[in-house]
Amino acid sequence: MASKLISVFFILLSFSTTPVLSVVSEECEADSEDSCNNKSKALPLKIIAIVSILVTSMIGVCLPLVTRSVPALSPDKNLFVIVKSFAAGIILATGFMHVLPDSFDMLSSSCLKENPWHKFPFSGFVAMLSAILTLMVDSLATSLYSKQNKGGIVIPEGGAAAAAQGDQEMAVGNLHGHHHGSISMKDGVGGAQLLRYRVIAMVLELGIIVHSIVIGISLGASNNTCSIKGLVAALCFHQMFEGMGLGGCILQAEYKLLKKAVMAFFFSVTTPFGIALGIGLASTYKENSPRALITVGLLNASSAGLLIYMALVDLLASDFMGPKLQGSVKLQIKSYMAVLLGAGGMSLMAKWA
């Protein structure tokens, strides 16, 4: 008798849960029937987004490059360090407050299977692997460039001040002797630092491009007019100041004009390209489908790990532990305030985007 009652209970339970599962599946595969969802009204907003984000991205990334003639904004001035710290705070907050939380939300969605997506924190795991991989690329690229340019000799940043003093003393000593034996700053410490700046600029641009395309596709594929308006304003702010951070790195890398133009161009067009791609995929792309959630979620996690590493290690730590900031407590405090201001402003943007 008891076994019959148990079997009847499980049969009734299966009938009651089947409709619920089918409803969840339908909700995941179909676009939500919201009053804000309007494809015809969303398209003009997306066109405005492409133009406005393109313009603000170009302004942001080109501003450090065109202000080289302004003495106060040259890379060796205090104001440049403060502005760069502000931009680094924005990049750090982008990773922590925007990209990584989005990845957690996507990979923990009820539209994904319980096993394995709800059993393991894939977002944190992928972000960690991405940070380690970025470290590997950063380190190996620096070593390879150093070997190609200086016969494999790498002068650590921690010893930059001492090495600089040694180079200067050697150069002065050689002025009284043989000029061909002098060691220039460009070939020594300056050359090593220049290589670091070039690696940082390339790796940072790679990370920014990946997450910019993902953001663009999400915006372009969405037909929610209510969310697009706030997202466009937030992205314009984000792209401008993130571009300033990247532009500062490109400026310090001392690339030729053509390479500077190419890097600035790719940064400027990636988000608009992603939006255009999202518009083209709008009919087939379903933001709540398992395939979209997994793909975008994993890409966001990898971008977050890269951006967090670059902001903390290559932008903030290298500057704050460098001789310029270590030699001035007042400049350190100003730079910390700039970091907090940039990170705080970008964190506030998370309310809308």
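Predicted model: local features only at pLDDT ≥ 70, side-chain atom pairs only at ≥ 80, totals over all residues.
1. D319 belongs to helix α9 (residues 290-320) and K84 to helix α3 (residues 78-107), so the pair ties together parts that are 235 residues apart in sequence. Both partners, D319 and K84, are buried.

2. A search of the whole structure finds three salt bridges, and D138, R196 and D314 are linked in a network of such contacts. R196 pairs with D138, the closest N and O atoms being 2.9 Å apart; because R196 lies in helix α6 (residues 189-221) and D138 in helix α4, this pair ties together parts that are 58 residues apart in sequence. R196 and D138 are both buried, as is D314.

3. Helix α8 (residues 257-281) reaches 35 Å from its first C-alpha to its last, close to the 36 Å expected, although it bends by about 35° at T270, with the proline P272 following within four residues. Both T270 and P272 are among the buried residues of α8.

4. An unreviewed UniProt entry annotates residues 263-285 and 291-312, among others, as "transmembrane region". The chain is 83% helix over residues 263-285 and 100% helix over residues 291-312.

5. A nonpolar surface patch of about 810 Å² includes V137, a residue of helix α4 (residues 122-150) that is partly exposed, with a relative accessible area of 40%.

How values were computed. Residues numbered from 1 in each chain as written. Heavy atoms only, no water. Helix = DSSP H or I, 4+ residues; strand = E, 2+ residues; numbered from the N terminus. Expected span 1.5 Å × (residues − 1). Bend = angle between axes of the 7 residues up to and from the residue. Buried < 20%, exposed > 50% of the residue type's maximum accessible area, 1.4 Å probe, protein only. UniProt positions renumbered as here; feature names shortened; annotations may be inferred. Patch = residues over 30% accessible without salt bridge, like charges linked within 9 Å, V, L, I, M, F, W, Y side chains within 5 Å. Areas by Shrake-Rupley, 256 points an atom, 1.4 Å probe, with all protein chains shown as cover. Salt bridge = Lys/Arg side-chain N within 4 Å of Asp/Glu carboxyl O.
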